[in-house]
Amino acid sequence: MNFDFPEELKILKEEAYKFAVREFTPVSKECDREEKFPREVWKKACEYGFIGAWIPEEYGGAGAGFLANTIITEQFSRVDMGIGLIMASCFGAENIYLYGSEEQKKEYLPRIAAGEIIFAGAYTEPNAGTDVAGIRTRAVRDGDHFVLNGQKMFITNGTICDYFVVFCITNPDGPRHKRFSLLIVDAKSEGITRNKIQGKMGIRASDTAEISFEDVKVPVENIVGKEGNGFYQLMDFFNTTRTMVAGQGVGLAQGALDKAAQYVQEREVFGQPLANFQGVQFQLAEMATRIELARQLTYKAAWLVDQGRIDPKLSAMAKYYAGETAVWVADKALQLHGGYGYIDEYDVQRFYRDAKILEIYEGTKEAEKLTIAKIVLKEYQKG
């Protein structure tokens with residue numbers, strides 16, 4: 001088996017990291033403190049082809065695939081995961097690519113790649129997170145449009161997006177998993193209220209919002225795929241985007257290790273660099289090993305997506321393990337910084353704060369474990 005990357009992916013990895021160092025570093029502290037979306041940096045990322053890199057060339061994208069998108073996300077998160085999330089997130093647009101009509105693909109995907117529009121996926125609700133099928137937002141058919149009512153919570157890009165892909169009930173009397181559909185909703189539509197959520201622990205540069213839909217009219221042609229298939233479409237979406245979230249975990253962990261390895265060589269204690277102590281070296285070795293394990297899981301899961309063989313078990317494994325690794329490595333990195341790691345001047349404290357969300361969003365780590373266990377048990381039943 002060939003474990004070597006094609007030359008174009010090696011170059012992409014290097015260029016994505018250089019871009020992040022050059023463009024993120026000067027604004028990271030400001031965006032974190034002020035919970036600010038750096039639109040100019042986002043525009044530059046679009047110009048370089050980093051936004052929606054998975055979008056095929058026929059729809060104006062780079063056509064680089066989901067492994068490439070995961071690598072870009074990894075390298076961006078290595079510098080600043082909050083800003084990186086804005087750059088990597090086309091949340092909702094993946095649904096259009098996977099299940100949308102040709103007209104929808106031509107209408108929206110080129111504009112995303114060109115930096116003309118931003119998408120948000122409106123899935124989670126105040127009382128429905130992991131229990132996706134427990135959502136209450138409803139769209140009622142009325143002639144040539146739907147009337148949408150409901151609330152969404154913790155929506156990435158919620159106040160800065162131009163369009164939502166909304167997960168909602170369109171067939172309330174159908175079987176539990178056949179009641180749902182996905183709708184493309186213009187964010188400027190009358191009846192939409194968007195409130196930015198302030199005071200997040202981490203990823204503060206990334207916009208997060210609570211959204212309210214009150215009698216919002218949505219054209220019937222804005223339904224994504226077949227009506228009633230929304231739940232299954234959303235599951236495919238998560239199995240795809242979890243590779244991106246796993247890439248965030250790998251990147252954040254690598255960035256935390258970068259900072260720790262540099263610090264322990266510069267910091268002197270008892271007359272010698274901290275790095276000379278065997279206990280410190282052991283910690284660095286374990287950090288690097290866990291990161292590499294997470295990286296290989298993540299790359300394989302993303303590669304399978306590009307091969308048209310989405311593996312829900314592997315995607316869940318990658319997301320769960322990479323997230324847990326990021327939290328563990330960030331904790332070790334901060335500890336190695338001692339008291340300096342606890343103050344705002346040192347970026348490692350931001351890595352520590354950012355990491356925790358990786359065990360929560362896009363499916364909690366407990367939900368990922370359930371997914372993995374169910375598939376494992378099913379495999380043994382077949383045997």
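Before going on, note that the model is predicted, with local features needing pLDDT of at least 70, side-chain atom pairs counting only at pLDDT 80 or more, and totals for chains, interfaces and linings using all residues. Residues are numbered from 1 along each chain as its sequence is written, and side-chain values use heavy atoms, leaving out hydrogens and water.

**Exercise 1.** Find where N157 and I203 sit, and look at their phi angles.

*Solution.* 
- Step 1: N157 belongs to the loop between β3 (145-156) and β4 (163-169); strands here are DSSP runs of E, at least two residues long, and helices are runs of H or I, at least four long, numbered from the N terminus.
- Step 2: Its phi is positive, about 70°, although N157 is not a glycine.
- Step 3: Now go to the loop between β6 (192-196) and β7 (208-219), where you'll find I203.
- Step 4: I203 isn't a glycine, yet its phi is positive too, near 35°.
- Step 5: With 6% relative accessibility, I203 counts as buried.

**Exercise 2.** Check the span of helix α4 (residues 65-77) against what its residue count predicts.

*Solution.* 
- Step 1: The rule is 1.5 Å times one less than the number of residues.
- Step 2: For the 13 residues of α4 that should give 18 Å.
- Step 3: The end C-alpha atoms are 18 Å apart, so the two agree.
- Step 4: As for cover, 13 of the 13 residues of α4 are buried.

**Exercise 3.** Describe how α8 (residues 230-266) packs with α10 (residues 312-337).

*Solution.* 
- Step 1: Two packed helices are described by the angle between their axes and the distance between the axes.
- Step 2: For α8 and α10 the angle is about 20° and the axes are 8 Å apart.
- Step 3: That makes α8 and α10 roughly parallel (angles under 35 degrees; over 145 is roughly antiparallel, 65 to 115 roughly perpendicular and the rest oblique).
- Step 4: Sorted by class, their contact has 18 nonpolar, six polar and three charged residues.

How values were computed: Axes fitted to C-alpha atoms, helices over the stretch in contact; angles between N-to-C directions. Nonpolar A, V, L, I, M, F, W, Y, C, P; charged D, E, K, R; others polar. Buried < 20%, exposed > 50% of the residue type's maximum accessible area, 1.4 Å probe, protein only.
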